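Here is a short tour to read alongside the sequence and the coordinates. Please keep both open as you go.

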Amino acid sequence: MVGSMLIFAIVAVLVAAAVVTFVLLYNRLIKLRQRVKAAYAQIDVQLKRRYDLIPNLVESVKGYAAHEADTLQAVTNARAAAVGASGVADVAAANGVLTNALGRLFAVSEAYPTLRANENFLQLQHELTATEDRISFSRQHYNDSVMEYNTAIETFPSSLAAGPAHATPEVFFELPATDVARDVPNVRF
Amino acid sequence: MYAAIAANRRRSIGLILAGFVLLAVVMAAVGLVLGVNMSLVALVAVPVELGGTWAAWYHSDRLALMATGATQITASQAPQLYNLVENMALSSGLPMPKIAIVHDEAPNAFATGRDPQHATIAVTTGLLAIMQRDELQGVIAHEMAHIVNQDTRTMALVVTICGSVALVCDLASRMLFWGGSRRSSDNNPVVLVVGIVAIVLAPLAALLIQAATSRSREALADSTAVKLTRNPTGLRKALEKLDANSSVVRQTSRATAHLWIESPLDRRDATNRMFDTHPPLSQRIASLRRMEGAPVEAPPAAIPAAAPAPVPAPTGAPAPLGSPGTVPIPGLPFPVPIPGLPFPVPIPPPAPATADAASHGWTQVPAQSGSVARDVLPR
């Protein structure tokens with residue numbers, strides 16, 4: 001009688017421990033996923049800011065550098081593509097293209113001294129640069145968060161809770177680096 | 001690098017546990033010597049301490065800012081500084097901390113606040129005057145790292161434990177002095193002597209633990225700072241500049257020493273490094289150099305210039321724009337002038353490590369003034 005009570009108590013404790021462990025693992029995965037979502041929202045805010053600045057920039061360049069219609073059109077197209085993109089991978093790729101187009105625009109703007117002297121242009125260039133800085137730091141935090149989340153999904157024991165938590169790996173925010181190296185003229189601002 | 005952070009965290013936990021053990025030993029020793037029931041003393045002391053700690057922790061930011069004479073600033077007052085702090089807030093995923101400036105010639109910085117939601121980063125005007133953008137970014141990242149790692153909380157805990165040890169010992173020695181030990185006169189004399197020795201030495205041990213914890217948090221903050229910026233070079237160059245600069249923050253005391261990025265106390269009396277709140281700068285610079293040898297990831301560059309090939313920078317000379325490991329900021333003057341503050345003043349470059357030494361993974365680092373040169377070897 002005493003023996004069976006003891007066995008029952010041991011089993012009960014083990015079951016309770018297993019349940020508690022599972023709940024902790026489950027909650028950890030949910031927390032990591034929330035962090036990934038918050039980190040992406042942070043990038044999104046900066047990207048929106050970038051999209052808002054570009055039309056003004058294009059307008060201010062138009063008045064000075066009418067010959068650069070192709071470069072301006074490339075920026076406008078790249079912006080439209082980035083605004084229309086959905087999904088982390090597509091948004092990242094579209095923004096890589098946009099970064100290249102902007103880089104070319106700033107490169108050709110070097111040839112127009114009056115444009116370089118324009119207060120409005122300089123202000124926009126400064127703000128865009130600061131925004132791109134913020135994007136890259138937000139991207140870094142997002143990628144860190146994704147790595148931690150994806151590692152938790154794939155490693156034991158947190159992988160046990162991945163199924164019940166409907167946790168699937170997230171995508172890194174990666175810029176097409178090779179493209180940049182090939183296309184952008186090596187200009188130091 | 002993640003391993004380094006984990007190891008450092010374990011060491012901090014170990015040190016806090018050592019503090020608790022020390023407190024228990026002291027309590028037992030006092031009990032033995034005086035023959036007093038220590039639970040009675042603890043009953044009074046513990047609530048008082050807890051109350052005091054809570055108040056210190058809750059108002060830590062305001063206390064630290066008042067003690068150092070820092071004034072809070074807004075984004076429009078120092079846009080470049082704000083921008084650097086904002087970048088670090090983004091890369092750590094934490095809310096934007098408040099920014100404060102200490103009007104002091106000595107270059108230094110500190111972080112305070114009970115949690116990331118109530119954090120403040122303070123820098124001196126001297127720091128803003130001599131640091132270039134990437135160096136200032138490194139310093140800000142170090143301070144942000146203290147907020148990320150919640151070092152203010154850890155240090156509050158450690159300071160309290162060590163404070164209680166000192167308090168109990170003080171109480172006990174007073175009771176001994178005034179003849180409170182008469183009740184235990186029939187005790188074993190060996191126990192009595194051991195107990196008295198423990199009471200005398202314990203406050204020293206407490207100080208050691210406090211200093212060691214602070215040192216390990218500093219080393220951890222350096223690692224975390226590199227994780228935030230992906231750029232060990234900026235912080236390394238900043239520390240080298242601090243090493244070369246001998247001025248000392250005026251508006252400070254031992255009470256706030258553990259807050260600063262560089263020990264604010266006069267370094268000429270550094271007779272015993274065990275009581276220092278900071279690891280020697282040379283050691284921190286050396287470990288950052290090791291990180292430069294094996295960077296974790298390409299530095300974040302908004303518009304990547306030439307592919308950065310991370311190699312250890314040969315000297316402490318100002319790096320050109322787009323140099324290895326730095327973030328090229330197109331369209332910004334470099335170094336960035338902070339409005340209302342003096343322009344960067346030239347700083348004699350710190351003694352360079354020879355290229356040969358760097359390639360062997362060790363660096364001869366000039367020691368601080370007054371002591372002998374040491375070789376800093378990788379562990």
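Predicted model: local features only at pLDDT ≥ 70, side-chain atom pairs only at ≥ 80, totals over all residues.

## A helix in chain B

## Chain A at a glance

Turning to chain A, you will find 7 helices and 0 strands. Along the sequence, the pattern reads α-α-α-α-α-α-α.

Chain A has 189 residues, and 42% of them are buried. Its accessible surface comes to about 10100 Å², with 63% of that belonging to carbon and sulfur atoms. If you take the contacts in chain A between residues at least 6 apart in sequence, 79% of them join residues at least 24 apart.

## The nonpolar cores

The largest nonpolar core holds 44 residues. Those that touch the most other members are Leu29(A), Leu57(A), Val61(A), Leu102(A), Tyr142(A) and Phe173(A). Two or more residues each come from helix 1 (2-62), helix 2 (69-84), helix 3 (88-109), helix 5 (119-154) and helix 6 (159-162) of chain A. Helix 1 of chain A gives the most, with 14 residues. A second, separate core has 38 residues, including Leu81(B), Ala111(B), Val123(B) and Ile285(B). As general background, nonpolar side chains tend to be buried together in soluble globular proteins.

Not counting residues up to four places away in sequence, Phe173(A) touches Tyr40(A), Ile43(A), Leu47(A), Val88(A), Val91(A), Ala92(A), Arg139(A), Tyr142(A) and Asn143(A). Among these partners, Tyr142(A) is itself named with Phe173(A) among the core residues that touch the most other members.

## A buried serine

Is Ser145(A) buried or exposed? Its relative accessible area is 3%, which is under the 20% cut-off, so Ser145(A) counts as buried. Ser145(A) lies in helix 5 of chain A. Leaving aside neighbours within four places in sequence, Ser145(A) is in contact with Arg35(A), Val36(A) and Ala39(A).

Definitions and conventions: Residues numbered from 1 in each chain as written. Chains lettered and ligands numbered in written order. Heavy atoms only, no water. Core = buried A, V, L, I, M, F, W, Y, C linked by side-chain atoms within 4.5 Å. Buried < 20%, exposed > 50% of the residue type's maximum accessible area, 1.4 Å probe, protein only. Helix = DSSP H or I, 4+ residues; strand = E, 2+ residues; numbered from the N terminus. Contact = heavy atoms within 4.5 Å. Areas by Shrake-Rupley, 256 points an atom, 1.4 Å probe, with all protein chains shown as cover.
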